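Thank you all for making the time this morning. I would like to walk through one structure with you, going from the overall layout to a few individual residues.

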Amino acid sequence: MRPQPPSSLFDDISSPAFVPAEDMLEWIEATFLDPSSPLHNPEHAHLAHAEIGFLWTFVENSRKGRRIIGQCEEGKPQGAMGQRSGRDADQAMVRLRP
């Protein structure tokens, strides 16, 4: 059964807009990453070792009149350290190319 957001998220409008969805990772692994699952896709194998976090929210998200129910974003450090780590990663990729 798919995890559901906690009801407390909707009880108080002044509560935090985002709360951790701690049980989501286990469900996603069992539903999409487990090779014995009917929804398994081998193209998602790289996600088995990724560090992924999940949040519940009541904030509406839409683009061009379409409701967005899920979103994935790559986390990037802010400031000078983020610029340096991005540059270092780009240089490392160049060194890895044949």
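I will begin with the basis of the numbers and then turn to the fold, the core and the surface.

What you see is a predicted model, in which local features need a pLDDT of at least 70 and side-chain atom pairs count only at pLDDT 80 or more, while totals for chains, interfaces and linings use all residues. Residues are numbered from 1 along each chain as its sequence is written, and side-chain values use heavy atoms, with hydrogens and water left out.

The chain has three helices and four strands, where helices (H or I, at least four residues) and strands (E, at least two) are DSSP runs numbered from the N terminus. Read along the sequence, these follow the pattern α-β-α-β-β-β-α. Of the contacts with a separation of 6 or more, 59% are between residues 24 or more positions apart, a contact being heavy atoms within 4.5 Å.

Of the 98 residues in the chain, 12% are buried; here buried means under 20% relative accessible area, exposed over 50%, and partly exposed in between, with a 1.4 Å probe and protein chains only. The largest nonpolar core, which is a set of buried Ala, Val, Leu, Ile, Met, Phe, Trp, Tyr and Cys residues joined through side-chain atoms within 4.5 Å, consists of six residues, namely Leu9, Val19, Ala21, Met24, Ile28 and Trp56. Leaving aside residues up to four places away in sequence, Ala21 touches Phe54, Leu55 and Trp56.

Leu55 itself lies in strand 2, residues 55-57, and counts as exposed because its relative accessibility is 57%.

How many aromatic pairs does a search of the whole structure find? There is one, and in that pair the ring centres of Trp27 and Phe32 are 5.6 Å apart with their planes at 90°, so the arrangement is edge-to-face. For the cut-offs, rings of Phe, Tyr and Trp (its six-membered ring) pair if their centres lie within 6.5 Å, and planes under 30 degrees apart count as stacked, over 60 as edge-to-face and the rest as tilted. Trp27 is partly exposed at 22% relative accessible area, and Phe32 is likewise partly exposed, at 29%.

Finally, please look at Lys64, in the loop between strand 3 (62-63) and strand 4 (66-67). Lys64 has a positive phi of about 50° although it is not a glycine, and with 87% relative accessibility it counts as exposed.
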